[in-house]
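Colleague: Please take a close look at one part of this protein for me. I would like the boundary between its domains described in one go.

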Amino acid sequence: MARILVIRLSALGDFVQSFPAFAAIRAHHPDASITLLTTAPFRALAEASPWFDRIEIDTRPKITDLRGMKRLRRQLSVFDRIYDLQTSGRSSGYRRLAGRADWSGIGGNGTLSHTNPSRTLMHTRARQRDQLRTAGLAEVPEVADLGWLTAQGSRFTTQLITPYAVIVPGAAPHRPGKRWSAERYGALASHLAATGLTPVVIGSGADTPLAAVIQSVCPETVDLTGKTSIPDLGGICAGAMIAIGNDTGPMHLAAAVGCRCLVLFSAESDPGLTAPIGRSAGQVRVLRVHDMATLSVDRVVSALG
């Protein structure tokens with residue numbers, strides 16, 4: 001039995017963008033034992049999916065951590081083929097630890113190496129499709145079957161007052177320029193509530209202060225920040241009428257499960273490279289401004305259509 005390793009370490013949006021690639025690898029190696037090397041936050045999501053037989057956690061040891069590096073070498077050296085979908089400087093360096101495994105990724109001159117000079121100009125989804133085609137995977141689906149994900153989160157969805165709208169006010173802590181203000185999300189929540197939609201705020205525990213600000217403006221808001229697992233968000237977003245949020249992981253998840261989305265982008269990131277991808281034309285709309293501070297509530301309301 002062939003032993004296959006897939007490397008996808010972080011972050012949530014990037015992980016979600018790799019769903020079609022995961023599905024393609026599983027379909028191309030139906031009888032292989034496929035292991036995912038990832039980081040701890042994504043274990044539950046990976047375990048819930050149908051694509052992997054085993055999940056291993058990369059603890060990202062420093063090069064000076066000899067014991068950790070030996071453990072990582074043992075993890076990597078038992079595979080026949082490795083698909084590096086992270087293609088970062090760190091994951092590319094793992095090639096040296098992988099022994100004789102066929103390597104699909106960047107760097108080196110192997111037959112599976114992705115050497116397209118335009119790869120950095122491609123959207124994540126197109127880049128991974130091109131990488132896998134170079135490795136001999138002719139069929140990479142536009143979207144993956146996510147029935148396993150939309151079925152999650154029932155302990156929340158059965159208690160929510162429907163219809164509801166999802167609000168995602170968070171973003172990476174080190175990227176404050178990607179965030180629209182919580183006060184303006186509160187005003188947006190009030191507009192949604194006035195139209196008959198229950199505003200539901202999702203995110204990690206770090207986003208709870210943002211949810212509190214939104215609730216102070218719109219008391220009808222339901223705060224689920226810090227209460228859900230990542231898989232739970234799949235079912236919650238699938239049941240929503242719309243999701244509105246910053247360029248951050250949960251919005252990618254909402255788009256992937258088919259929820260109508262309005263994603264707010266600033267100059268901090270390029271939607272041409274990283275925008276969430278939906279399941280149908282027109283499902284995901286991007287509203288981009290140079291500076292989030294200039295984005296008015298009226299403009300966001302108008303973009304809801």
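Modeller: Contact here means heavy atoms within 4.5 Å. The model is a predicted one. The domain assignment gives domain 1 as 3–144 and domain 2 as 148–303. Their centres, taken over C-alpha atoms, lie 29 Å apart. On the domain 1 side, 21 residues are in contact with domain 2, which answers with 19 residues.

Now the area. The size of an interface is often given as the accessible area lost when the parts come together. For domain 1 and domain 2 the buried area is about 1,500 Å². Carbon and sulfur atoms carry 71% of that area. Within domain 1, the residues that lose the most area to domain 2 are Leu-12, Leu-45 and His-123. Together they make up 30% of what the domain 1 side buries.

Next, the polar side of the picture. Between domain 1 and domain 2 there are zero salt bridges. Polar contact does occur: five residue pairs across the interface meet the rule, both residues being at pLDDT 80 or more.

Then the elements. Three helices of domain 1 each supply at least two residues to the side touching domain 2: H1 (12–17), H3 (43–48) and H6 (124–134). H1 gives the most, with four residues.

Last, the make-up of that side.

Conventions:
Residues numbered from 1 in each chain as written. Predicted model: local features only at pLDDT ≥ 70, side-chain atom pairs only at ≥ 80, totals over all residues. Heavy atoms only, no water. Domains from an automatic or database assignment. Buried area = accessible area lost by both parts, 1.4 Å probe. Salt bridge = Lys/Arg side-chain N within 4 Å of Asp/Glu carboxyl O. Polar contact = N/O pair within 3.5 Å; in protein donor to acceptor, adjacent residues only side chain to side chain.
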